[in-house]
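Biologist: I would like to learn how to read a few features from coordinates. Could we take them one at a time?

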2 protein chains.
Amino acid sequence: MRLAERIDHANAEVARRLTASRARWVDVRPLRDVVLDLGAYELTHSGPPLLWREMGGAQRGAVIAAVLFEGWASTPSEARGMLDRAEVTLRPNHHAGGVGASTGVGSPTTPVCVLEERGVSDRQGAQSWALLELPGANPGAHDAESLAGRRRWRDGFTPALAKALSAAGGVDVDAVVARALHMGDEMVHRTGAATALTVAALAPTLARAGLGGAELAAGLDALLEGEGFFGALALAAAKLACDGVRSVDDSTVVTAMSRNGARCGVRLAGTGDKWFTATAPTVKGLLLDGYDEDDAGRDLGDSAIAETAGLGAFVLAGAPALHARLGTRSADGLRVTRDMGEVTVARHPRYTLPALEFAGAPVGIDARRVVDTGILPVIGAAIVHREPGRGAIGAGLARVPMGCFTAAIEQFAEDRGIR
Amino acid sequence: MRLAERIDHANAEVARRLTASRARWVDVRPLRDVVLDLGAYELTHSGPPLLWREMGGAQRGAVIAAVLFEGWASTPSEARGMLDRAEVTLRPNHHAGGVGASTGVGSPTTPVCVLEERGVSDRQGAQSWALLELPGANPGAHDAESLAGRRRWRDGFTPALAKALSAAGGVDVDAVVARALHMGDEMVHRTGAATALTVAALAPTLARAGLGGAELAAGLDALLEGEGFFGALALAAAKLACDGVRSVDDSTVVTAMSRNGARCGVRLAGTGDKWFTATAPTVKGLLLDGYDEDDAGRDLGDSAIAETAGLGAFVLAGAPALHARLGTRSADGLRVTRDMGEVTVARHPRYTLPALEFAGAPVGIDARRVVDTGILPVIGAAIVHREPGRGAIGAGLARVPMGCFTAAIEQFAEDRGIR
């Protein structure tokens, strides 16, 4: 079989597996209970690997806050000292089986949502996770009140949530995604419908099991007010789907895209776990009042795993209300989804878009097509302040740089004795 | 002031009041506790007034089922006898301050959702109601199992729901409508997002107040499975808004549209409570397998109060997923909403449509413009079998007949000494 044919076959297999994935949310636990080899003084972060001194301001701020959150240091300068001396080690979430939005910094006691594969036949029970942040919290804030709020979230609410989830027998994330795509969510920056569906699905269980308490009530209020809660589940579901194709020989389909505030990285199924990186893009969009483009750091977050799995900006056609936050118009959303159809290998059979007459979400980015057409994958992104601890200052769209794809395709070709 | 000017002024006042209305869901009670002058053997029904012998099959079936539900008769033929002898009296929901979808038959113990005005300054505390049907139940079914199911709903679930609602301090229906319009609901035939938002909003209260029990749990499950639950709240909210303009002198704006399976009726603000009727239309749409157009009865239900208040088919542009049920396409939805802008006097300031760049819902049908342009108001409708007890067999769109509007405008002119 010629290579081009082998690639087509491999990509079809990747598409089949990506779209066969069905995630179920089964647990909420501290990160260290899920990543069993997590070091006692290890933190995780979004994006491809990078060193402490390479980190942009936003991620640096979140790392310092995490050191304080864990009580490893009692002042920011103590925390910085530990990091400078490499007494705290750093690892990408992606290298620990999970993902985190934005700075995406996880620490041993950070609560994570655990999802389990129920679709792909040879991966039953495989797991992924995503950081479950206190909605609306700025991960870089390390004042006493912010840290106390996050600790209440961790110690009070998340164990109660885990109990409710267990009583409910988990939540079918795949089904919620399919429904919420008909309700204006794109699953990353707009998840209000999916969040409501998920909390509503727990309500009968609370009534049936007699579960309650002030902590659970306050936590559910926070989930509903923030609206962004389901983003964690969507990202973890996307990670689960993509991990099922992390290594499929001869496939040019992308299995991860992620940004760490300095570099943006891409992985292909046919090149395994190697990252192909380029300078992280800047995000074009709407800034909050009082900020300008110079305040923005480079793009960061693992959220582009959503686009890798056909969600996020790839289904922007289904989320017209989001344009008010991104500074775009509904026609832009239709165009982005159509354009992404040009560089993907499949349409999702269950994730459909009513505004495009129920066309499936474009899924499975073919790096060859990106290079051939010059159409760069679009990702939705928060705009995060470049200084530590300042948090999000807007939202918009970014393009994954061409450099990631050309480097990946060159390696892919070289591995196969071409050029 | 010339009449045309007086009309414009009056219509502007109607628009102001219609869009100022903000409904809050405050209670669930038996109909007889809400309609205090309801007779001991009185039933309510959808549409303008009609006699028992004039009713179409679907409504006749629901009336018989209601007589059996109340235990006034023990067999359908006994029930028919009571109705033939006028021992059971009939009144439109609209004449009792409320509304009901489809056959819309209410009996003394039927649970209704009670809504209260919180927006219009001179109507604080004014109430409306809508029948709260067991989701998915066929109102014309009167076998023992169906009646038992509806009685469990009435006696087990709805009191528990009322308690939860009271503990939550009610639900802001206006806010849910505004949010759910950004989530693909049009508020009558698609209310899955609004239903989830409402049930989710109760979840923290259940946890906080320690409310629970198997009945409440099963009822919440039924609300979520049926998805259509919020329709009752949307119709009651629309009724509340429209009742605030039931009598505004010189206004040609429509204050009610409703169908009873025989006739379709329209009221104008400037002609008060008089109905102007024409033969009820037939509904064009998608039929369930095994049915054809001859099986369909004429259009019925109070649901067109939604369109009267700028919801339902008037915001079809925001509900593309509904087209799969109606047999239409997303372009049709955009067109219907745009067309309705041609015959309405205002755009709703809080109910906006992202797919039309956040244009407001077209609200306040001007009967003059309907007559002048020939553009008939579109309403969404279930297609109901013409025989008693067979229930819904599809869904689609209908047009309110021109005869209603010409008759109304003629009366309006005559009242003002014109012609």
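Biologist: Which residues have the most contacts inside the largest nonpolar core?

Modeller: In soluble globular proteins, nonpolar side chains tend to be buried together. In this predicted model, the largest such core has 151 residues, and A:Trp25, A:Leu115, B:Trp25 and B:Leu115 have the most contacts inside it.

Biologist: What does B:Trp25 touch, leaving out residues up to four places away in sequence?

Modeller: Its contacts include B:Leu115, B:Leu161, B:Leu165, B:Phe229 and B:Leu233. A second, separate core has 37 residues, including B:Met257, B:Ala319, B:Met340 and B:Ile379.

Biologist: B:Met340 is in helix 12 of chain B. Which other residues of that helix are buried?

Modeller: Buried here means under 20% relative accessible area. Besides B:Met340, the buried residues of helix 12 are B:Ser330, B:Gly333, B:Val336, B:Thr337 and B:Gly341. Viewed down the helix axis they fall within an arc of 145°, so they line one face of helix 12. They pack against helix 11, helix 13 and strands 13, 14, 15 and 16 of chain B.

Biologist: How far does helix 12 of chain B reach from its first C-alpha to its last?

Modeller: The helix, residues 330–341, reaches 17 Å, close to the 16 Å expected.

Biologist: How is chain B laid on chain A?

Modeller: Two copies of a chain are related by a rotation about an axis and a shift along it. Here the turn is 180° and the shift 0.0 Å, with an RMSD of 0.0 Å. That is the relation of a two-fold axis. The same surface serves both copies, as 100% of the contact residues of chain B recur in chain A.

How values were computed:
Residues numbered from 1 in each chain as written. Chains lettered and ligands numbered in written order. Predicted model: local features only at pLDDT ≥ 70, side-chain atom pairs only at ≥ 80, totals over all residues. Heavy atoms only, no water. Helix = DSSP H or I, 4+ residues; strand = E, 2+ residues; numbered from the N terminus. Expected span 1.5 Å × (residues − 1). Buried < 20%, exposed > 50% of the residue type's maximum accessible area, 1.4 Å probe, protein only. Arc of directions from axis to C-beta. Contact = heavy atoms within 4.5 Å. Core = buried A, V, L, I, M, F, W, Y, C linked by side-chain atoms within 4.5 Å. Least-squares fit on C-alpha atoms with pLDDT ≥ 70 in both.
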